[in-house]
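The following paragraphs lead the reader through selected parts of one structure. Please keep the sequence and the three-dimensional view at hand while reading.

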Amino acid sequence: MNDTLKILLLIQSAQNAQSFSQRRLAEVSEFSLTKVQSILSKLESLDNVKNLGSRQKPQYRLTSAGKQSILDSLSKHTRIQLPMSLRKSTFTTAVILAAGHSTASDQPVALSKIDENTILLLRNIQKLVDRGIKHIVIVCGYQSELIETALQDTPEVTLVKVKDYEHAGTMSSLSQAGTQINDSFLLLEGDLLFDDAMLDVLLQDTTENTILVSPLSGSHDEAFVDFNSQNQLIQISKDIRQMNRLSAEMIGISKVSFAFYQLMLSAYMRNKNPWLNYEYLIAQLSNITPVNCLVTDDLHWIDIDTPKDLVKAIQDVFPLIKANESDNKIDQAKQTIVNALNIPSQNVKNVVYAGGMTNTNYSAEIIQGENKGWRECFVRIPGKGTSKLINRMTEKPNAEQASKLGFNVPTLFMDLLPA
(Lines give C-alpha, C1' and ligand atoms only; values in the text may rest on other atoms or scores of the structure.)
Protein backbone atom coordinates (compact mmCIF):
# COMPACT_ATOMS: atom_id res chain seq x y z
CA MET A 1 0.00 0.00 0.00
CA ASN A 2 1.46 3.39 -0.95
CA ASP A 3 1.86 6.17 1.62
CA THR A 4 -0.75 8.50 0.14
CA LEU A 5 -3.34 5.73 0.06
CA LYS A 6 -2.62 4.91 3.71
CA ILE A 7 -3.27 8.51 4.76
CA LEU A 8 -6.49 8.63 2.70
CA LEU A 9 -7.75 5.44 4.35
CA LEU A 10 -6.87 6.74 7.80
CA ILE A 11 -8.80 9.93 7.15
CA GLN A 12 -11.75 7.88 5.93
CA SER A 13 -11.68 5.66 9.03
CA ALA A 14 -11.76 8.75 11.25
CA GLN A 15 -14.72 10.40 9.53
CA ASN A 16 -16.76 10.33 12.71
CA ALA A 17 -14.05 11.88 14.87
CA GLN A 18 -14.70 15.39 16.12
CA SER A 19 -11.17 16.43 15.22
CA PHE A 20 -7.74 14.93 14.92
CA SER A 21 -4.34 16.46 14.50
CA GLN A 22 -1.59 15.93 11.99
CA ARG A 23 0.44 14.56 14.88
CA ARG A 24 -2.25 11.93 15.52
CA LEU A 25 -2.15 10.93 11.85
CA ALA A 26 1.60 10.59 12.15
CA GLU A 27 1.27 8.32 15.20
CA VAL A 28 -1.31 6.04 13.59
CA SER A 29 0.41 5.87 10.20
CA GLU A 30 3.86 5.54 11.79
CA PHE A 31 5.10 8.28 9.45
CA SER A 32 7.08 11.34 10.47
CA LEU A 33 5.12 14.53 11.07
CA THR A 34 6.93 16.18 8.17
CA LYS A 35 5.90 13.36 5.85
CA VAL A 36 2.24 13.57 6.93
CA GLN A 37 2.24 17.34 6.38
CA SER A 38 3.71 16.88 2.92
CA ILE A 39 1.12 14.24 1.96
CA LEU A 40 -1.77 16.34 3.31
CA SER A 41 -0.54 19.38 1.41
CA LYS A 42 -0.44 17.37 -1.79
CA LEU A 43 -3.91 15.87 -1.16
CA GLU A 44 -5.38 19.32 -0.50
CA SER A 45 -3.83 20.69 -3.70
CA LEU A 46 -5.43 17.80 -5.63
CA ASP A 47 -8.78 18.47 -3.89
CA ASN A 48 -8.69 14.96 -2.43
CA VAL A 49 -9.25 16.23 1.12
CA LYS A 50 -10.60 19.36 2.74
CA ASN A 51 -9.98 20.73 6.21
CA LEU A 52 -13.39 21.61 7.62
CA GLY A 53 -11.90 22.64 10.96
CA SER A 54 -9.17 25.11 11.81
CA ARG A 55 -5.41 24.97 11.67
CA GLN A 56 -5.36 24.35 15.42
CA LYS A 57 -8.08 21.63 15.30
CA PRO A 58 -8.16 20.24 11.77
CA GLN A 59 -11.04 18.05 10.67
CA TYR A 60 -10.16 16.52 7.33
CA ARG A 61 -12.80 15.01 5.09
CA LEU A 62 -12.48 13.13 1.85
CA THR A 63 -13.88 14.82 -1.24
CA SER A 64 -15.46 12.88 -4.11
CA ALA A 65 -12.08 13.04 -5.81
CA GLY A 66 -10.46 11.59 -2.69
CA LYS A 67 -12.86 8.67 -2.61
CA GLN A 68 -12.18 7.97 -6.26
CA SER A 69 -8.46 8.20 -5.59
CA ILE A 70 -8.79 5.42 -3.01
CA LEU A 71 -10.62 3.23 -5.49
CA ASP A 72 -8.09 3.92 -8.25
CA SER A 73 -5.15 3.22 -5.93
CA LEU A 74 -6.64 -0.03 -4.65
CA SER A 75 -7.25 -1.27 -8.19
CA LYS A 76 -3.51 -1.02 -8.80
CA HIS A 77 -2.64 -3.00 -5.66
CA THR A 78 -5.05 -5.92 -5.97
CA ARG A 79 -3.92 -9.34 -7.12
CA ILE A 80 -6.26 -9.04 -10.10
CA GLN A 81 -6.71 -5.59 -11.56
CA LEU A 82 -10.40 -4.89 -12.12
CA PRO A 83 -12.22 -1.73 -13.19
CA MET A 84 -13.75 -0.03 -10.17
CA SER A 85 -16.80 1.40 -11.89
CA LEU A 86 -20.12 -0.12 -10.99
CA ARG A 87 -20.95 -2.69 -13.61
CA LYS A 88 -23.00 -5.86 -13.79
CA SER A 89 -20.98 -9.00 -13.05
CA THR A 90 -21.68 -12.68 -13.53
CA PHE A 91 -21.36 -14.13 -10.06
CA THR A 92 -20.00 -17.69 -9.95
CA THR A 93 -18.43 -17.61 -6.47
CA ALA A 94 -20.02 -17.68 -3.03
CA VAL A 95 -18.61 -17.47 0.50
CA ILE A 96 -20.46 -18.99 3.46
CA LEU A 97 -19.35 -17.99 6.96
CA ALA A 98 -19.90 -20.97 9.27
CA ALA A 99 -17.08 -20.75 11.80
CA GLY A 100 -18.89 -19.73 14.96
CA HIS A 101 -20.64 -21.60 17.74
CA SER A 102 -24.03 -20.60 19.13
CA THR A 103 -26.40 -21.97 21.73
CA ALA A 104 -28.77 -23.23 19.02
CA SER A 105 -26.99 -26.57 18.77
CA ASP A 106 -24.08 -28.62 20.14
CA GLN A 107 -22.81 -28.95 16.58
CA PRO A 108 -22.30 -26.21 13.98
CA VAL A 109 -25.65 -24.55 13.33
CA ALA A 110 -25.05 -24.96 9.59
CA LEU A 111 -25.40 -28.74 10.06
CA SER A 112 -28.82 -28.47 11.71
CA LYS A 113 -31.53 -30.71 10.24
CA ILE A 114 -34.55 -28.61 9.35
CA ASP A 115 -36.59 -31.60 8.34
CA GLU A 116 -36.01 -35.34 8.08
CA ASN A 117 -34.11 -35.09 4.80
CA THR A 118 -32.70 -31.55 4.82
CA ILE A 119 -29.47 -30.28 6.37
CA LEU A 120 -29.29 -26.48 6.39
CA LEU A 121 -25.81 -26.10 4.87
CA LEU A 122 -26.34 -28.73 2.16
CA ARG A 123 -29.62 -27.10 1.21
CA ASN A 124 -28.00 -23.67 0.87
CA ILE A 125 -25.14 -25.11 -1.19
CA GLN A 126 -27.57 -26.79 -3.57
CA LYS A 127 -29.56 -23.57 -4.00
CA LEU A 128 -26.32 -21.81 -4.98
CA VAL A 129 -25.26 -24.56 -7.39
CA ASP A 130 -28.70 -24.48 -9.01
CA ARG A 131 -28.03 -20.82 -9.86
CA GLY A 132 -24.71 -21.35 -11.54
CA ILE A 133 -22.42 -20.82 -8.55
CA LYS A 134 -19.44 -23.03 -9.34
CA HIS A 135 -17.06 -22.17 -6.50
CA ILE A 136 -18.26 -22.12 -2.90
CA VAL A 137 -15.85 -21.19 -0.12
CA ILE A 138 -16.98 -22.25 3.35
CA VAL A 139 -15.18 -20.79 6.36
CA CYS A 140 -15.48 -23.17 9.30
CA GLY A 141 -14.02 -23.29 12.79
CA TYR A 142 -16.14 -24.87 15.51
CA GLN A 143 -16.16 -28.66 14.98
CA SER A 144 -14.84 -28.13 11.46
CA GLU A 145 -14.28 -31.88 11.10
CA LEU A 146 -18.07 -32.41 11.12
CA ILE A 147 -18.54 -29.90 8.33
CA GLU A 148 -15.68 -31.49 6.38
CA THR A 149 -17.32 -34.91 6.68
CA ALA A 150 -20.73 -33.59 5.62
CA LEU A 151 -19.24 -31.97 2.52
CA GLN A 152 -16.99 -34.78 1.30
CA ASP A 153 -19.23 -35.37 -1.76
CA THR A 154 -19.55 -31.72 -2.80
CA PRO A 155 -16.79 -30.92 -5.35
CA GLU A 156 -17.90 -27.29 -5.67
CA VAL A 157 -16.83 -26.56 -2.09
CA THR A 158 -13.47 -25.36 -0.76
CA LEU A 159 -13.06 -25.35 3.03
CA VAL A 160 -11.11 -22.70 4.87
CA LYS A 161 -10.50 -23.66 8.51
CA VAL A 162 -9.90 -20.88 11.03
CA LYS A 163 -8.61 -21.33 14.56
CA ASP A 164 -9.47 -17.98 16.15
CA TYR A 165 -13.25 -18.19 15.69
CA GLU A 166 -13.90 -18.03 19.45
CA HIS A 167 -12.04 -14.73 19.83
CA ALA A 168 -12.81 -12.89 16.59
CA GLY A 169 -15.68 -11.45 14.58
CA THR A 170 -16.95 -12.39 11.15
CA MET A 171 -14.56 -10.05 9.34
CA SER A 172 -11.69 -12.18 10.58
CA SER A 173 -13.28 -15.23 8.95
CA LEU A 174 -13.96 -13.34 5.74
CA SER A 175 -10.41 -12.04 5.57
CA GLN A 176 -8.96 -15.53 5.99
CA ALA A 177 -10.98 -16.72 3.00
CA GLY A 178 -9.05 -14.23 0.85
CA THR A 179 -6.65 -16.79 -0.60
CA GLN A 180 -9.63 -18.53 -2.22
CA ILE A 181 -11.39 -15.41 -3.53
CA ASN A 182 -10.37 -14.09 -6.93
CA ASP A 183 -13.64 -12.59 -8.14
CA SER A 184 -16.83 -10.91 -7.00
CA PHE A 185 -18.93 -13.16 -4.78
CA LEU A 186 -22.15 -13.77 -2.90
CA LEU A 187 -21.69 -13.64 0.87
CA LEU A 188 -23.95 -15.73 3.10
CA GLU A 189 -24.03 -16.39 6.81
CA GLY A 190 -24.05 -20.08 7.63
CA ASP A 191 -26.88 -20.00 10.18
CA LEU A 192 -29.49 -18.68 7.74
CA LEU A 193 -32.59 -20.49 6.53
CA PHE A 194 -34.07 -18.52 3.65
CA ASP A 195 -36.40 -18.69 0.68
CA ASP A 196 -34.22 -19.44 -2.34
CA ALA A 197 -36.04 -16.70 -4.29
CA MET A 198 -33.81 -14.30 -2.33
CA LEU A 199 -30.86 -15.51 -4.39
CA ASP A 200 -32.79 -14.84 -7.59
CA VAL A 201 -33.66 -11.33 -6.45
CA LEU A 202 -30.05 -10.61 -5.55
CA LEU A 203 -28.55 -12.04 -8.75
CA GLN A 204 -31.00 -10.13 -10.92
CA ASP A 205 -30.05 -6.86 -9.25
CA THR A 206 -27.77 -4.75 -11.46
CA THR A 207 -25.58 -3.16 -8.78
CA GLU A 208 -22.32 -4.80 -7.71
CA ASN A 209 -22.37 -4.17 -3.96
CA THR A 210 -25.74 -5.01 -2.46
CA ILE A 211 -27.09 -6.24 0.88
CA LEU A 212 -30.46 -7.89 1.23
CA VAL A 213 -32.68 -6.33 3.88
CA SER A 214 -36.18 -6.98 5.16
CA PRO A 215 -38.73 -5.25 7.38
CA LEU A 216 -37.94 -5.48 11.08
CA SER A 217 -38.63 -8.97 12.45
CA GLY A 218 -38.54 -8.19 16.17
CA SER A 219 -36.06 -11.00 16.81
CA HIS A 220 -34.14 -8.84 19.33
CA ASP A 221 -30.88 -9.65 17.54
CA GLU A 222 -31.36 -7.45 14.50
CA ALA A 223 -28.65 -5.65 12.62
CA PHE A 224 -30.63 -2.45 12.02
CA VAL A 225 -30.15 -0.79 8.64
CA ASP A 226 -30.75 2.78 7.52
CA PHE A 227 -30.71 3.77 3.85
CA ASN A 228 -31.63 6.84 1.85
CA SER A 229 -34.34 7.44 -0.75
CA GLN A 230 -32.10 5.91 -3.43
CA ASN A 231 -31.79 2.75 -1.28
CA GLN A 232 -28.12 3.46 -0.67
CA LEU A 233 -26.75 2.30 2.68
CA ILE A 234 -26.22 4.92 5.39
CA GLN A 235 -25.67 2.94 8.59
CA ILE A 236 -25.78 -0.53 10.18
CA SER A 237 -25.92 -1.12 13.92
CA LYS A 238 -27.23 -3.62 16.45
CA ASP A 239 -27.63 -0.75 18.92
CA ILE A 240 -30.98 0.87 18.19
CA ARG A 241 -29.84 3.96 20.10
CA GLN A 242 -27.28 4.72 17.37
CA MET A 243 -29.84 4.85 14.58
CA ASN A 244 -31.45 8.00 13.25
CA ARG A 245 -34.04 5.94 11.41
CA LEU A 246 -34.96 2.25 11.29
CA SER A 247 -35.43 1.46 7.62
CA ALA A 248 -35.02 -2.33 7.81
CA GLU A 249 -32.79 -5.11 9.13
CA MET A 250 -29.95 -6.95 7.46
CA ILE A 251 -30.66 -10.55 6.43
CA GLY A 252 -27.12 -11.86 5.99
CA ILE A 253 -27.04 -12.37 2.21
CA SER A 254 -24.97 -9.88 0.23
CA LYS A 255 -23.26 -9.34 -3.09
CA VAL A 256 -19.68 -8.07 -2.86
CA SER A 257 -17.51 -6.97 -5.77
CA PHE A 258 -13.90 -8.09 -5.76
CA ALA A 259 -12.75 -4.47 -5.71
CA PHE A 260 -14.94 -3.69 -2.67
CA TYR A 261 -13.59 -6.81 -0.94
CA GLN A 262 -10.07 -5.50 -1.44
CA LEU A 263 -11.21 -2.23 0.12
CA MET A 264 -12.56 -4.18 3.10
CA LEU A 265 -9.29 -6.07 3.49
CA SER A 266 -7.27 -2.84 3.36
CA ALA A 267 -9.44 -1.27 6.05
CA TYR A 268 -9.35 -4.44 8.16
CA MET A 269 -5.53 -4.50 8.16
CA ARG A 270 -5.66 -1.25 10.15
CA ASN A 271 -8.32 -2.50 12.50
CA LYS A 272 -7.46 -2.95 16.21
CA ASN A 273 -10.67 -4.77 17.19
CA PRO A 274 -10.57 -8.54 16.52
CA TRP A 275 -14.33 -8.77 17.15
CA LEU A 276 -15.21 -6.57 14.18
CA ASN A 277 -18.04 -7.96 12.05
CA TYR A 278 -17.99 -7.57 8.29
CA GLU A 279 -21.26 -5.62 8.09
CA TYR A 280 -19.78 -2.69 9.99
CA LEU A 281 -16.91 -2.44 7.52
CA ILE A 282 -19.43 -2.51 4.68
CA ALA A 283 -21.30 0.36 6.33
CA GLN A 284 -18.11 2.34 6.92
CA LEU A 285 -16.85 1.87 3.37
CA SER A 286 -20.20 2.73 1.82
CA ASN A 287 -18.98 6.33 2.30
CA ILE A 288 -16.41 5.62 -0.39
CA THR A 289 -18.45 3.60 -2.88
CA PRO A 290 -22.25 3.13 -2.78
CA VAL A 291 -23.78 -0.01 -1.29
CA ASN A 292 -27.32 -0.80 -2.37
CA CYS A 293 -29.99 -2.04 0.06
CA LEU A 294 -32.39 -4.43 -1.67
CA VAL A 295 -35.67 -4.92 0.19
CA THR A 296 -37.34 -8.35 0.17
CA ASP A 297 -40.54 -7.88 2.12
CA ASP A 298 -42.52 -10.99 1.12
CA LEU A 299 -39.97 -13.78 1.48
CA HIS A 300 -39.42 -15.89 4.59
CA TRP A 301 -36.13 -16.31 6.44
CA ILE A 302 -34.68 -16.79 9.91
CA ASP A 303 -31.26 -16.36 11.52
CA ILE A 304 -30.78 -19.38 13.80
CA ASP A 305 -28.96 -18.24 16.94
CA THR A 306 -30.80 -20.00 19.78
CA PRO A 307 -32.64 -23.30 20.41
CA LYS A 308 -35.89 -21.33 20.16
CA ASP A 309 -34.84 -20.06 16.72
CA LEU A 310 -34.15 -23.62 15.56
CA VAL A 311 -37.58 -24.80 16.69
CA LYS A 312 -39.20 -21.86 14.91
CA ALA A 313 -37.19 -22.59 11.77
CA ILE A 314 -38.36 -26.20 11.71
CA GLN A 315 -41.97 -25.72 12.75
CA ASP A 316 -42.90 -22.36 11.24
CA VAL A 317 -40.45 -20.92 8.73
CA PHE A 318 -39.44 -23.94 6.66
CA PRO A 319 -43.04 -25.03 5.90
CA LEU A 320 -43.74 -21.50 4.63
CA ILE A 321 -40.57 -21.54 2.51
CA LYS A 322 -41.39 -24.95 1.02
CA ALA A 323 -44.91 -23.84 0.13
CA ASN A 324 -43.61 -20.71 -1.58
CA GLU A 325 -40.86 -22.58 -3.43
CA SER A 326 -43.40 -25.17 -4.58
CA ASP A 327 -45.59 -22.40 -5.98
CA ASN A 328 -42.58 -20.92 -7.79
CA LYS A 329 -41.70 -24.29 -9.34
CA ILE A 330 -45.30 -24.73 -10.50
CA ASP A 331 -45.10 -21.30 -12.13
CA GLN A 332 -41.80 -22.23 -13.79
CA ALA A 333 -43.23 -25.50 -15.09
CA LYS A 334 -46.23 -23.68 -16.54
CA GLN A 335 -43.96 -21.14 -18.22
CA THR A 336 -41.89 -23.99 -19.65
CA ILE A 337 -45.00 -25.41 -21.32
CA VAL A 338 -46.02 -21.98 -22.63
CA ASN A 339 -42.57 -21.34 -24.12
CA ALA A 340 -42.08 -24.85 -25.56
CA LEU A 341 -45.46 -25.10 -27.26
CA ASN A 342 -45.80 -21.37 -28.03
CA ILE A 343 -49.29 -21.17 -26.58
CA PRO A 344 -50.94 -18.49 -24.39
CA SER A 345 -50.69 -18.96 -20.63
CA GLN A 346 -54.49 -19.21 -20.39
CA ASN A 347 -54.19 -22.42 -22.44
CA VAL A 348 -52.40 -24.13 -19.55
CA LYS A 349 -54.14 -25.09 -16.31
CA ASN A 350 -54.02 -27.52 -13.38
CA VAL A 351 -50.22 -27.83 -13.27
CA VAL A 352 -49.42 -30.40 -10.56
CA TYR A 353 -46.15 -31.90 -9.32
CA ALA A 354 -45.93 -35.54 -10.46
CA GLY A 355 -42.77 -36.76 -8.75
CA GLY A 356 -39.51 -37.93 -10.27
CA MET A 357 -36.04 -39.08 -9.31
CA THR A 358 -33.48 -37.87 -11.86
CA ASN A 359 -36.06 -35.49 -13.37
CA THR A 360 -38.83 -33.31 -11.97
CA ASN A 361 -42.18 -34.07 -13.58
CA TYR A 362 -45.44 -32.13 -13.71
CA SER A 363 -48.83 -32.96 -15.15
CA ALA A 364 -50.98 -30.27 -16.71
CA GLU A 365 -53.94 -29.69 -18.99
CA ILE A 366 -53.44 -27.77 -22.24
CA ILE A 367 -55.27 -26.50 -25.28
CA GLN A 368 -53.14 -26.56 -28.42
CA GLY A 369 -54.43 -25.37 -31.78
CA GLU A 370 -57.91 -24.18 -32.73
CA ASN A 371 -61.18 -25.89 -31.83
CA LYS A 372 -59.49 -28.44 -29.55
CA GLY A 373 -60.52 -29.23 -26.00
CA TRP A 374 -58.39 -29.64 -22.92
CA ARG A 375 -56.02 -32.61 -22.90
CA GLU A 376 -53.48 -33.90 -20.40
CA CYS A 377 -49.75 -33.51 -20.89
CA PHE A 378 -46.60 -34.02 -18.86
CA VAL A 379 -43.55 -31.80 -18.65
CA ARG A 380 -40.27 -33.32 -17.56
CA ILE A 381 -37.55 -30.95 -16.36
CA PRO A 382 -34.15 -32.73 -16.30
CA GLY A 383 -32.30 -32.73 -13.03
CA LYS A 384 -28.93 -31.03 -12.63
CA GLY A 385 -26.08 -33.19 -13.91
CA THR A 386 -28.30 -35.83 -15.56
CA SER A 387 -26.62 -35.23 -18.93
CA LYS A 388 -23.72 -37.22 -17.46
CA LEU A 389 -26.06 -40.21 -17.15
CA ILE A 390 -28.21 -39.78 -20.27
CA ASN A 391 -27.22 -39.05 -23.86
CA ARG A 392 -29.78 -36.38 -24.76
CA MET A 393 -28.88 -36.50 -28.48
CA THR A 394 -29.94 -40.15 -28.76
CA GLU A 395 -32.81 -39.80 -26.29
CA LYS A 396 -34.89 -37.71 -28.69
CA PRO A 397 -34.97 -40.11 -31.69
CA ASN A 398 -35.44 -43.05 -29.34
CA ALA A 399 -38.42 -41.34 -27.67
CA GLU A 400 -39.93 -40.44 -31.05
CA GLN A 401 -39.52 -44.03 -32.30
CA ALA A 402 -41.09 -45.38 -29.09
CA SER A 403 -44.05 -43.05 -29.65
CA LYS A 404 -44.53 -44.30 -33.22
CA LEU A 405 -44.51 -47.90 -31.97
CA GLY A 406 -47.06 -47.10 -29.29
CA PHE A 407 -44.73 -47.66 -26.35
CA ASN A 408 -44.61 -43.99 -25.42
CA VAL A 409 -46.99 -41.04 -25.45
CA PRO A 410 -46.45 -38.47 -28.26
CA THR A 411 -43.49 -36.15 -27.62
CA LEU A 412 -44.56 -32.59 -28.39
CA PHE A 413 -41.25 -30.91 -27.62
CA MET A 414 -37.75 -31.82 -26.46
CA ASP A 415 -34.95 -29.42 -25.64
CA LEU A 416 -31.57 -30.98 -26.40
CA LEU A 417 -29.59 -28.55 -24.26
CA PRO A 418 -27.71 -30.59 -21.63
CA ALA A 419 -28.86 -30.30 -18.02
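Helix H9 (residues 258-269) packs with helix H10 (residues 278-285) at an angle of about 105°, their axes lying 10 Å apart. Axes are lines fitted to C-alpha atoms, for helices over the stretch in contact, and angles run from 0 to 180 degrees between N-to-C directions. H9 is therefore roughly perpendicular to H10, a term that covers angles of 65 to 115 degrees. On the H9 side the contact (heavy atoms within 4.5 Å) is made by Phe-260, Leu-263, Met-264, Ala-267 and Tyr-268, and on the H10 side by Tyr-278, Leu-281, Ile-282 and Leu-285. By class, this contact of H9 with H10 has nine nonpolar residues, no polar and no charged ones; Ala, Val, Leu, Ile, Met, Phe, Trp, Tyr, Cys and Pro count as nonpolar, Asp, Glu, Lys and Arg as charged, and the others, Gly among them, as polar.

The model is predicted: local features need pLDDT of at least 70 and side-chain atom pairs count only at pLDDT 80 or more, whereas totals for chains, interfaces and linings use all residues. Residues are numbered from 1 along each chain as its sequence is written, and side-chain values use heavy atoms, with hydrogens and water left out. Helices (H or I, at least four residues) and strands (E, at least two) are DSSP runs, numbered from the N terminus.

Attention now turns to a strand. Six of the six residues of strand E3 (residues 93-98) are buried, so E3 is largely enclosed by the rest of the structure. Buried means under 20% relative accessible area, with a 1.4 Å probe and protein chains only. Thr-93, Val-95 and Leu-97 cover one side of E3, while Ala-94, Ile-96 and Ala-98 lie on the other, and all are buried. Two strands pair if DSSP finds at least two bridges between them. E3 runs parallel to strand E6 (residues 135-140), joined by six bridges, and Val-95 has Val-137 of E6 as its bridge partner. With strand E8 (residues 185-189), E3 pairs in the parallel sense over four bridges; here Val-95 stands opposite Leu-187.

Elsewhere, three strands form an open sheet in the order E16-E17-E18, with antiparallel pairing. Its edge strands, E16 (348-353) and E18 (375-382), each pair on one side only. Neighbouring strands of this sheet are turned by 25° against each other on average, direction ignored. Four bridges join E16 to the antiparallel strand E17 (residues 359-366), where Glu-365 is the bridge partner of Lys-349. Helix H11 (residues 307-341) lies across E16, E17 and E18 and runs at about 130° to E16.

Methods: Buried < 20%, exposed > 50% of the residue type's maximum accessible area, 1.4 Å probe, protein only. Parallel < 35°, antiparallel > 145°, perpendicular 65-115°, else oblique.
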